[in-house]
Structure formats: structure tokens, C-alpha cells
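Q: Please take a close look at a single part of this model. What does that part cross, and what lies around it?

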Amino acid sequence: MAHSGINVLFEGTNFLRLMGGLWTAIWIAGLSLILGLALGTILGMFRTMKSRIIRFILRLYLEFFRIVPTVVLLFLVYYILPRQFNVNWPATWMAVLAFTLWVAAEFSDIVRGALESVPEHQRESGLALGLNQWQLFRYVLLPQALRLELPATINLATRVIKTTSLLLMISIMDVINVGQQIIEANNQTYPTGVFWVYGLIFILYFIIDYPLSKWAKHLTAKQQY
């Protein structure tokens, strides 16, 4: 068992490096979600306005991020943005920017749908109390929309976490990139190491995403009843 493939995980600092790569993916996903949800809430509110021009522009924004693959978006932000606009940020912050814009686009549609699902009499009651448009959003519509949009928001979070596997494409040392380096460095000593490294990565992503997925399904079922 001296060269059992599982030993590659504990050779030197390999395990700690994998955990460090996982943390990089998590904080990029977490920060992107926080910023994206905040921006998406504002955009979603604007998408319920009466202005056709605003709704059209925001619809184009949404469709752009739905049509363009995430890996292409990462390339655009990482390679084109610095050259055209002289933005010299680290790769991790470029990834946060790309994911934030994507999350904001997707979440704006979730917010729009949730706001439009709030019963019309709730809106009318708020207006009858003398609330202006922003007070209506703050005190009446958004609190009720939050409950409606929560399952879709959790599903979006799981998608973002899984999509961090693309970070290696812009040379970020995430868990996938670190795992690939470990496999290449130990390929001769541990020929079956690739199975154990990627197996561990699969388990780590599963531990993070599966509870979120189950929570979203539970909330969806609860809303249906």
C-alpha cells in the first residue's frame, strides 16, 4: 500500500492546498452572490416599472448573460477589460466582477417574477395608505417577494458554486486547478491519484451543494402546499 492512490491526498501539503483552493472558490462565489443579489434586486425592481425603454434595456442585459457562456464571459473580463479600459485587477477580482454581473442578471428576473406574483390588492393597499413607489417596494412588495424568490435564489447559488470550476481557465488557483497540479506532479508515483483527487473534489462540491439543493426543494414543496 506504499503507493496507494489515496496517499496522494496526504503527500506533503496536498490536502491543505486543496482546501485552500476550495476556499478560493467559496469566497469568490460568496462575494459574487452578495454583490449580485443586491444589484439584481435593484434591477428586478426597475424591470417592473412602466417604462418600456428601461424594461427593454434590462431585458437585453439579461439575455446577454443567458446567451454568452460563462467561460466566454470570464475571458472577456480577464483579457479584454484590462486591455481596453486599463483595469489591472487580480484575476480573483476579475472573476468576482464577471460572476456578480451574471448573478445580477439572473436574479433580476427572479425578483421581477416574485414581485409580479405579489397579489395586486397588496400593492393597492399600500398606495391607499399613501406610500410612494419606493416605500411600497420596501415595506410591502419586497418582504413578500423574498419568500417567493427564496427557492430560486438558492438554486442560483448552487449554480454559481458549481460554475467556479471554470476559474482555472483564467489561472486562478481554485480547487480544480490545484487538483490538476497535484495530479501532474504525482502522476508517476501515484498513477491512480487522479481518481482520488477528483473524487475528493466531487465530494467537496457535493457536501456544499446537496444540502442547498434539498433546502430549495423543501421550500418549493412547502410553498405549493
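A: A crossing is right-handed if the near helix is turned clockwise from the far one by less than a right angle, and left-handed if anticlockwise. The model is predicted, with local features needing pLDDT of at least 70 and side-chain atom pairs pLDDT 80 or more, while totals for chains, interfaces and linings use all residues. Residues are numbered from 1 along each chain, and side-chain values use heavy atoms, without hydrogens or water.

The part is helix α1, residues 14–46. Helices here are DSSP runs (H or I, at least four residues), numbered from the N terminus. The axis of α1 comes within 6 Å of the axis of α4, residues 91–117. The two axes cross at roughly 40° (lines fitted to C-alpha atoms over the stretch in contact, angles from 0 to 180 degrees between N-to-C directions). The crossing of α1 past α4 is right-handed. Their contact has 18 nonpolar, 8 polar and 1 charged residues (charged: Asp, Glu, Lys and Arg; nonpolar: Ala, Val, Leu, Ile, Met, Phe, Trp, Tyr, Cys and Pro; polar: the others, including Gly).

Beyond α1, in the loop between α1 and α2 (52–67), sits R47. The side chain of R47 forms a salt bridge with D109, 2.8 Å from N to O (cut-off: Lys or Arg side-chain nitrogen within 4 Å of an Asp or Glu carboxyl oxygen). D109 lies in helix α4, 62 residues from R47, so the pair links distant parts of the chain. The count of salt bridges comes to 7.

Back in helix α1 is L16.

Note on methods. Helix = DSSP H or I, 4+ residues; strand = E, 2+ residues; numbered from the N terminus.
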